[in-house]
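Welcome! Take a moment to look over the sequence and the structure below, and then we can walk through a few of the main features together.

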Amino acid sequence: MDIDFGTYHHSTTVESEKLRSIIYKKFHEAFNYIPISRDSKINILDVGSGLGFTIKIAADFYINANITGIDNFSGSLVDSSLSKSLKNLVTLGITDRCTIIEADIFDYTGIFDLVISNLVFHNMGDRRFNAYRKIYNYIPEYFITGDLFFHNDGNAVQYELSRMADLFKPVCTINVPEISSNYKILVLKRL
Ligand SMILES: C[S@@+](CC[C@H](N)C(=O)[O-])C[C@H]1O[C@@H](n2cnc3c(N)ncnc32)[C@H](O)[C@@H]1O
């Protein structure tokens, strides 16, 4: 199957593929931490779905889920576009339950059981805290975000969790040192 999920910034095509094979397994590990069964007919939102890679991760795990990806195609995934991402869903054969909408998280509204995201918020600076609040307003039971976490005074994850303490509580943090000491997957439960 000829499918292109794109090249991440500061990465090559080959490196991006390698990262994706690690991220795929680690997200499945993360899904196992939450009590939603794999065959549930849940509604999932993928924030910053890019060319559909994170949708595929979720679609392979939650075999009956309906998944919506939103992306504003702002450029952090080289040469991505709505038409390319929709073509990928066709190639994957999952258009009966998955779709992608060109939208910005700050304008998008909806209701979802689970929100996922990969490598989106670290580029937003402090606006990411408003994005977390938007996600809270989608009233998901769980929010799973894989991202790079940086903070000057030491524990970046603790800092991130403290900034969303009125919205989500941590279920677990998955370290992925094969990618970077800064890349983690946070599994969060909505308060
Ligand atoms: C590094 S890519 C990750 C794509 C995909 N999640 C993956 O892992 O392959 C980050 C994506 O987030 C999208 N993005 C950034 N800011 C956004 C916003 N405010 N609303 C929606 N999408 C956004 C970018 O356009 C880009 O496609």
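## Around the ligand

In this predicted model, helix α2 (53-61) and strand β2 (66-71) each supply at least two residues of the shell around the ligand. There are 21 residues around the ligand, and those that come nearest are G48, G50, F53, N118 and L119.

What kinds of residues make up the shell around the ligand? They divide into ten nonpolar, nine polar and two charged.

## Helix α1

Helix α1 covers residues 13-31, which is 19 residues.

Which residues of α1 are buried? They are L19, I23, K26, F27, A30 and F31. Seen down the axis of α1, these buried residues fall within an arc of 135 degrees, so they line one face of the helix. The face turned away from that buried side carries the exposed residues V14 and S21.

## The nonpolar core

In soluble globular proteins, nonpolar side chains tend to be buried together. Here, the largest nonpolar core has 43 residues, and I44, A58 and V115 touch the most other members.

Setting aside neighbours within four places in sequence, A58 is in contact with I44, D46, A65, I67 and I116.

Terms used. Residues numbered from 1 in each chain as written. Predicted model: local features only at pLDDT ≥ 70, side-chain atom pairs only at ≥ 80, totals over all residues. Near = placed C-beta within 6 Å. Helix = DSSP H or I, 4+ residues; strand = E, 2+ residues; numbered from the N terminus. Nonpolar A, V, L, I, M, F, W, Y, C, P; charged D, E, K, R; others polar. Expected span 1.5 Å × (residues − 1). Buried ≥ 20, exposed ≤ 12 C-beta atoms within 10 Å, placed from the backbone. Arc of directions from axis to C-beta. Core = buried A, V, L, I, M, F, W, Y, C linked by C-beta atoms within 7 Å. Contact = placed C-beta atoms within 7 Å.
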